[in-house]
Amino acid sequence: MRIRHVLATAAAAGSIAATPAQAAEYSSALKIKGVQYDAPGTDRNNCATGNTKDEYLTIKNYSRTATVNLKGYVVKDAAGNRFKFTASHQLQPGDYVKLRGGNGTDSDAKNVVYRDNCNFMWNNDKDTIYVYKPSGSKADVHSYTKTGSDRDRNGYISFHG
């Protein structure tokens, strides 16, 4: 659920107060398209037989003209778990990448980067996903709850179309 800060005017006091309504919208071309926060099946944090690769975050370049290099971007959750893109991954306008758990071979052709970590990153009940630019400023932020955000209960939530 996105939260935007809207200014509301307090008529009686004549003052202006910030009222949260939805999440802040950032001016980045790079945004969270969606998250498979609950991998299908029973969660298993095991590199050999686990299913952390089935949990993923889809990040998309929504620019119509600019290519975005993911090198230096950081993805975090509410608990402070983080992943930093250390290699160059060029996202052309409209292109996306799936950041998957587990181990694997990163591939621009297959639009996939692996965290090389066999622990789940996203909580199955609720979490907040942060994407930071290499400068440290926020590119996008989304919070979700299983009961409030995942209407069809399939473990996947779409944020930007």
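This report describes a sheet, a disulfide and a cavity in a predicted model.

Four strands make up an open sheet, and their order across it is 7-6-11-12, with antiparallel pairing. Its edges are formed by strand 7, covering residues 82-84, and by strand 12, covering residues 138-145, each of which pairs on one side only. From one strand to the next, the twist averages 10°.

## Strand 11 and its partners

Strand 11, which spans residues 126-132, is joined to strand 12 by 7 bridges, and the two run antiparallel. Within this pairing, V131 stands opposite D140 of strand 12, while Y132 has K138 of strand 12 as its bridge partner. The hairpin that these two strands form has 5 residues between the strands, and in this hairpin G136 takes a positive phi near 100°.

Strand 11 is also joined by 4 bridges to strand 6, made up of residues 74-77, and here too the strands run antiparallel. In this pairing, the bridge partner of K76 is Y130 in strand 11. Strand 11 is mostly covered, since 5 of its 7 residues are buried.

## The disulfide

The structure holds 1 disulfide, and it is formed by C47 and C118, whose sulfur atoms lie 2.0 Å apart. The link is right-handed, with 115° about the S-S bond. It connects distant parts of the chain, for C47 and C118 are 71 residues apart. C47 lies in the loop between strand 3 (30-36) and strand 4 (56-61), whereas C118 lies in the loop between strand 10 (112-114) and strand 11.

The two cysteines can also be described by their accessibility. C47 counts as exposed because its relative accessibility is 55%, and exposed means over 50%. C118 counts as buried because its relative accessibility is 9%, and buried means under 20%.

## The cavity

A search of the whole structure finds 1 cavity of 30 Å³ or more, and about 30 Å³ of space lies in the largest cavity. The residues that line the largest cavity are E55, Y56, L99, R100, G101, R115, M121 and W122. When this lining is sorted by class, it has 4 nonpolar, 1 polar and 3 charged residues.

Conventions
Residues are numbered from 1 along each chain as its sequence is written. This is a predicted model: local features need pLDDT of at least 70, side-chain atom pairs count only at pLDDT 80 or more; totals for chains, interfaces and linings use all residues. Side-chain values use heavy atoms; hydrogens and water are left out. Two strands pair if DSSP finds at least two bridges between them. Axes are lines fitted to C-alpha atoms, for helices over the stretch in contact, and angles run from 0 to 180 degrees between N-to-C directions. On a 1 Å grid over the protein atoms alone, a cavity is a set of points where a 1.4 Å probe fits but cannot get out, and a pocket is an open set with protein on both sides within 12 Å along at least five of seven lines; lining residues have an atom within 4 Å of a point. Grid points are joined across faces, edges and corners, and a volume is the space filled by probe spheres set on the points. Ala, Val, Leu, Ile, Met, Phe, Trp, Tyr, Cys and Pro count as nonpolar, Asp, Glu, Lys and Arg as charged, and the others, Gly among them, as polar. A disulfide is a pair of cysteine sulfur atoms within 2.5 Å. Buried means under 20% relative accessible area, exposed over 50%, partly exposed in between (1.4 Å probe, protein chains only).
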